[in-house]
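This report describes selected contacts in a protein structure.

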Amino acid sequence: MRLVRLAVVLLLTAACAHKPLPAANTLEVVEANPAKGFHYSYILKMPTAARLDGTTYLLVEPNNTGRVSDDLNVHAEAAKKLAGSAVGAYVARKLDLPLLVPIFPRPETGWERYTHALDRDTMLIAEGPMRRLDLQLLAMIDDARRRLRGYGVTTHEKVLLTGFSASGTFSNRFTLLHPEKVQAVAAGGLNAMLIVPSATLDSVALPYPLGISDLQETARTRFDAAKWKAVPQFLYMGAKDDNDAVLFDDGYSESERAVVFQVLGEKMQPDRWTHMQELYRNAGASATFRTYEHMGHGTDQKINDEVVEFFRKAME
């Protein structure tokens with residue numbers, strides 16, 4: 001009995017031996033740690049002390065600088081602003097969630113690698129610190145969950161994922177690659193361009209990031225349709241959004257553009273957006289689509305509040 005009591009005391013002592021939780025909304029910049037699988041820093045934004053009671057979710061928003069630069073400080077400052085004022089920051093405040101924002105580069109040298117959208121050129125990087133940013137994000141998530149445990153905050157293994165524009169595209173593609181890690185995803189400003197959960201369409205091959213015909217080559221993985229279908233998705237665009245990344249060479253190659261125009265739709269609004277919704281519904285996705293008639297390439301409080309409610313339900 002003495003040994004049992006001693007074991008209980010040791011367990012309780014270990015459970016209570018955590019660092020004081022920093023003030024709510026504190027931004028902690030976690031330095032890169034290649035030994036743990038990530039070559040870039042990330043931002044961890046803290047919840048309130050209320051999160052010490054029970055298990056919560058880690059919210060992740062990929063960074064999106066909006067321009068190329070070989071200066072990593074440019075991307076770090078943009079990520080800090082995003083962590084303070086973007087959709088993810090709003091959701092984190094409303095739901096009292098910890099927030100992770102990676103500080104991935106989007107280099108001017110090698111500008112065709114649209115890292116913040118997790119495009120094909122990015123996924124095919126074979127060596128160096130930018131290799132497999134999707135796996136680096138998973139490593140950051142694991143590290144953030146360990147750090148939060150050190151503060152007494154327990155998080156679910158699956159994360160909530162959000163993003164807008166390029167980071168929305170990153171989130172959409174990441175969810176298909178790693179559906180087992182995502183509890184729910186909300187992505188907007190998507191250029192009416194989603195990754196299609198099919199290898200072909202109208203007998204035309206759909207390589208990554210258009211589809212999954214060569215997922216083994218690009219990501220060394222297979223598409224898990226059942227797990228992907230189980231992930232709740234909130235996908236939204238403004239009806240007045242005319243920001244079409246398909247038209248630009250950093251987002252899509254000439255061959256990719258040709259396939260998009262041939263089988264997915266040359267006109268972004270409403271043709272391609274409507275087609276994408278049909279493809280996802282036919283594939284059995286657990287997707288909610290929203291088209292906001294008043295909005296262009298952006299969000300407002302109405303949209304942000306709907307994202308909050310989507311995640312609130314996904315956490316139940």
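Apart from its neighbours within four places in sequence, E256 is in contact with R120, Y208, P209, L210 and G251, where contact means heavy atoms within 4.5 Å. E256 belongs to helix α9 (residues 254–264); helices are DSSP runs of H or I with at least four residues, strands are runs of E with at least two, and both are numbered from the N terminus. With a relative accessibility of 8%, E256 counts as buried, a term for under 20% relative accessible area, with exposed over 50% and partly exposed in between (1.4 Å probe, protein chains only). The C-alpha atoms of E256 and V246 are 8.4 Å apart, and the two residues are separated by 10 residues along the chain.

The model is predicted: local features need pLDDT of at least 70, side-chain atom pairs count only at pLDDT 80 or more, and totals for chains, interfaces and linings use all residues. Residues are numbered from 1 along each chain as its sequence is written, and side-chain values use heavy atoms, with hydrogens and water left out.

Rings of Phe, Tyr and Trp (its six-membered ring) pair if their centres lie within 6.5 Å; planes under 30 degrees apart count as stacked, over 60 as edge-to-face and the rest as tilted. This rule gives a count of 13 aromatic pairs. Two of the pairs are tabulated here.

| Ring pair | Centre distance | Plane angle | Class |
|---|---|---|---|
| W273 and F289 | 5.6 Å | 75 degrees | edge-to-face |
| F310 and F311 | 5.2 Å | 55 degrees | tilted |

W273 lies in helix α10 (residues 268–282) and F289 in strand β12 (residues 287–292), so their pair ties together parts that are 16 residues apart in sequence. Both W273 and F289 are buried. F310 is buried at a relative accessible area of 13%, and F311 is buried at 0% relative accessibility. Ring pairs also join F164, F234, Y236, Y292, F310 and F311 into a cluster.

A charge sits over a ring if NZ of Lys or CZ of Arg is within 6 Å of the ring centre and within 35 degrees of the ring normal. The charged end of K19 sits over the ring of Y151, 4.6 Å from its centre. R106 lies over the face of Y114, 3.9 Å from the ring centre.

Finally, L82, A83, G84 and S85 in α2 meet V87, A89 and R93 in α3.
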